[in-house]
Amino acid sequence: TEEEPLDVTEVRRVKRITMKQVMNSAIDAFNIERGGIYTIKQLFINPGAAVLDYLGVNRFHYVPPFRILIVTTAIALFMIGIAELPEQAATDFSTGFNSSIEDRDSDREKSQQVLESIFHLMELVQGYTNLILWTFIPFIALFTWLINLKRKFNYAEHIVFQTYLFCLSNILSLLFPLDHFLPGWVIFLVVYILMFFYYTYGYKEFLNKSWMRSFFETCLILIFSLTFWSVLLGVSLILYLLLDTNTL
């Protein structure tokens with residue numbers, strides 16, 4: 001009672017953390033032990049039908065799109081990091097830039113400052129690659145929604161659809177480290193052909209359209225969304241570069 005409070009002493013036995021507990025905790029953080037393999041399998045088999053299932057009564061079978069987006073993006077960035085393509089591209093750019101200013105001694109100091117700013121910008125972009133890539137999802141979802149305004153799906157549902165397709169694209173990045181054994185252009189060609197196929201296939205099944213119509217509408221959606229996204233991203237990066245070099 002309030003007049004006579006109980007004197008209760010709780011004795012707790014704390015167990016040491018084991019590797020099993022650490023692994024279970026890591027898996028539980030992403031909640032991929034419940035439906036993760038099933039979600040990825042269904043996305044590869046039929047991405048459009050998988051998204052329809054998630055939007056319908058079978059939602060509990062799937063990992064939510066934004067949770068699996070985090071996991072697959074981490075995998076994609078790791079695979080790109082161990083590939084040779086980014087490092088080779090940076091080396092080629094530096095070599096080409098330096099060779100272009102060899103004959104301009106008066107501008108050498110300014111050009112070196114610009115080069116340093118560019119590399120600083122590349123490091124910044126690399127640090128926020130996942131966030132930058134994710135900004136593409138609402139762009140492509142917007143154009144998918146606008147082309148299909150008469151359909152039953154709202155903009156939010158198109159974002160879910162494009163998020164799952166983006167996760168599928170991340171998984172295909174597992175092929176990038178093969179550039180250690182095959183020419184880089186071959187890997188890029190295979191990956192982007194597969195990406196385009198799955199985007200078209202998913203679009204066809206999700207919106208119940210013919211292959212021909214799905215092909216042309218997917219091309220239009222990708223062209224418009226990539227153009228607007230690239231322009232806005234490019235302008236933002238250029239403004240940052242100009243400010244960083246004090247030329248604005």
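The lining of the largest cavity comprises seven nonpolar, three polar and no charged residues, where Ala, Val, Leu, Ile, Met, Phe, Trp, Tyr, Cys and Pro count as nonpolar, Asp, Glu, Lys and Arg as charged, and the others, Gly among them, as polar. The model is predicted: local features need pLDDT of at least 70, side-chain atom pairs count only at pLDDT 80 or more, and totals for chains, interfaces and linings use all residues. Residues are numbered from 1 along each chain as its sequence is written, and side-chain values use heavy atoms, with hydrogens and water left out. The protein has 11 helices and zero strands, helices (H or I, at least four residues) and strands (E, at least two) being DSSP runs numbered from the N terminus.

**Cavity**

- A cavity is a set of points, on a 1 Å grid over the protein atoms alone, where a 1.4 Å probe fits but cannot get out, and lining residues have an atom within 4 Å of a point.
- The count comes to one cavity of 30 Å³ or more.
- The largest cavity holds about 50 Å³ of space, a volume being the space filled by probe spheres set on grid points that are joined across faces, edges and corners.
- Its lining consists of Ile140, Thr144, Phe161, Gln162, Leu165, Tyr199, Tyr203, Thr218, Ile221 and Leu222.
- At least two lining residues of the largest cavity come from each of α8 (136-147), α9, α10 and α11 (211-244).
- Phe161, one of the lining residues, lies in helix α9 and is buried at 0% relative accessibility; buried means under 20% relative accessible area, exposed over 50%, and partly exposed in between (1.4 Å probe, protein chains only).
- The C-alpha atoms of Phe161 and Ala50 are separated by 9.3 Å, although these residues are 111 residues apart along the chain.

**Second largest pocket**

- A pocket is an open set of grid points with protein on both sides within 12 Å along at least five of seven lines.
- The second largest pocket has a volume of about 190 Å³.
- Its lining has 11 residues, of which Ile40, Val71, Thr72, Ile75 and Ile171 lie nearest the centre of the pocket.
- The elements that give two or more residues to this lining are α2 (36-45), α4 (65-82) and α9 (155-172).
- Helix α4 gives the most to the lining of the second largest pocket, with four residues.
- By class, this pocket is lined by eight nonpolar, three polar and no charged residues.

**Polar contacts around Asn170**

- Thr73 belongs to helix α4 and is buried, with a relative accessible area of 2%.
- The side chain of Thr73 makes a polar contact with the side chain of Asn170 at 3.1 Å; a polar contact is a pair of N or O atoms within 3.5 Å, where within protein one must be able to donate a hydrogen and the other to accept it, and residues adjacent in sequence count only if both atoms are side-chain atoms.
- A polar atom of the Thr73 side chain also lies 2.6 Å from the backbone oxygen of Leu69.
- Ser173 sits in the loop between α9 and α10 and counts as buried, at 2% relative accessibility.
- The side chain of Ser173 reaches the backbone oxygen of Asn170 at 2.3 Å.

- Helix α10 has 24 residues and reaches 34 Å from its first C-alpha to its last, close to the 34 Å expected at 1.5 Å a residue; the expected span is 1.5 Å times one less than the number of residues.
- Val190 lies in α10 (residues 184-207) and is partly exposed, at 39% relative accessibility.
- Val190 and Leu175 are 15 residues apart in sequence and 8.7 Å apart in space, C-alpha to C-alpha.
- Asn208 follows α10 and is placed in the loop between α10 and α11.
- The phi of Asn208 is near 55°, a positive value in a residue other than glycine.
- Asn208 is exposed, at 67% relative accessibility.

**Cysteines and overall burial**

- The structure holds zero disulfides, a disulfide being a pair of cysteine sulfur atoms within 2.5 Å.
- Cys167 is buried, with a relative accessible area of 0%, whereas Cys219 is partly exposed at 23%.
- Of the 248 residues of the protein, 33% count as buried.
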